[in-house]
Amino acid sequence: MLFKKKKIERHVSLHRTVLDSILSYCQMKHPNEGILILKGKSKQGLVTIDGLVIPPFNYTGPTFAGFPHSFLPFDLSYVGIVHSHPSGSAHPSVTDLHNFFGLVSLIVKSPYSDNDIFAWDSNGNEVPLSII
Ligand SMILES: [Zn+2]
């Protein structure tokens with residue numbers, strides 16, 4: 001369990017340009033889910049996201065999105081993933097929590113506006129998110 005550490009308060013900061021890229025990617029993928037890898041850094045619970053990577057061999061449909069983790073290069077700048085919920089729910093599903101990757105999981109719900117993005121930790125607790 002690489003990321004299991006003692007409990008610390010998390011906070012996510014997302015660069016404005018990255019948010020815009022996420023929102024347009026999810027709109028493009030609609031009505032299927034879109035999935036992207038979040039790049040950034042983590043320091044004392046603060047996760048700063050400043051880039052995106054399209055996962056290799058990703059597969060998506062209306063109610064699922066994923067990618068084989070075994071194809072990912074080992075990269076410490078991968079802090080989590082973001083995926084969309086075309087159904088309009090911002091909450092992580094049981095499957096989402098089982099497939100949790102990295103430190104934080106962002107979910108964008110339809111219709112993919114600035115207020116439709118939420119951050120979650122691996123326990124399904126909401127993490128405060130700010131746009132910088
Ligand atoms: Zn999901």
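Modeller: A residue is called buried if 20 or more other C-beta atoms lie within 10 Å of its own, and exposed if 12 or fewer do. Keep in mind that this is a predicted model.

Biologist: Why is Tyr-112 called buried?

Modeller: Tyr-112 has 22 other C-beta atoms within 10 Å. The cut-off is 20 or more, so Tyr-112 counts as buried. Its place is the loop between β7 and β8.

Biologist: And why is Gln-44 exposed or buried?

Modeller: Gln-44 has 8 C-beta neighbours inside 10 Å. Exposed requires 12 or fewer, so Gln-44 is exposed. Gln-44 lies in the loop between β2 and β3.

Biologist: What makes the phi of Gln-44 worth noting?

Modeller: The phi of Gln-44 is positive, about 45 degrees, although Gln-44 is not a glycine. Tyr-112, also not a glycine, has a positive phi near 65 degrees. Gly-124 has a positive phi too, near 85 degrees, and sits in the hairpin of β8 and β9, with 5 residues between the strands.

Biologist: How do you know that β7 and β8 pair?

Modeller: DSSP must find at least two bridges between two strands. β7 and β8 have 4 bridges and run antiparallel, so they pair. Within this pair, Leu-106 stands opposite Ala-119 in β8.

Biologist: What makes β8 and β9 a pair?

Modeller: They are joined by 2 bridges, which meets the requirement of at least two, so they pair as well. These strands also run antiparallel, and β9 covers residues 126-127. Ala-119 stands opposite Val-127 in β9.

Biologist: Which residues touch the most other members of the largest nonpolar core?

Modeller: Leu-38, Leu-106 and Val-108 do, in a core of 26 residues. Among the elements that each supply at least two residues of this core are α1 (16-29), β2 (35-43) and β7 (104-109).

Biologist: What is Leu-106 in contact with, leaving aside neighbours within four places in sequence?

Modeller: Its partners are Leu-38, Gly-80, Val-82, Ile-117, Phe-118 and Ala-119. Contact here requires C-beta atoms within 7 Å.

Technical notes. Residues are numbered from 1 along each chain as its sequence is written. This is a predicted model: local features need pLDDT of at least 70, side-chain atom pairs count only at pLDDT 80 or more; totals for chains, interfaces and linings use all residues. A nonpolar core is a set of buried Ala, Val, Leu, Ile, Met, Phe, Trp, Tyr and Cys residues joined through C-beta atoms within 7 Å. Two residues are in contact if their C-beta atoms, placed from the backbone, lie within 7 Å.
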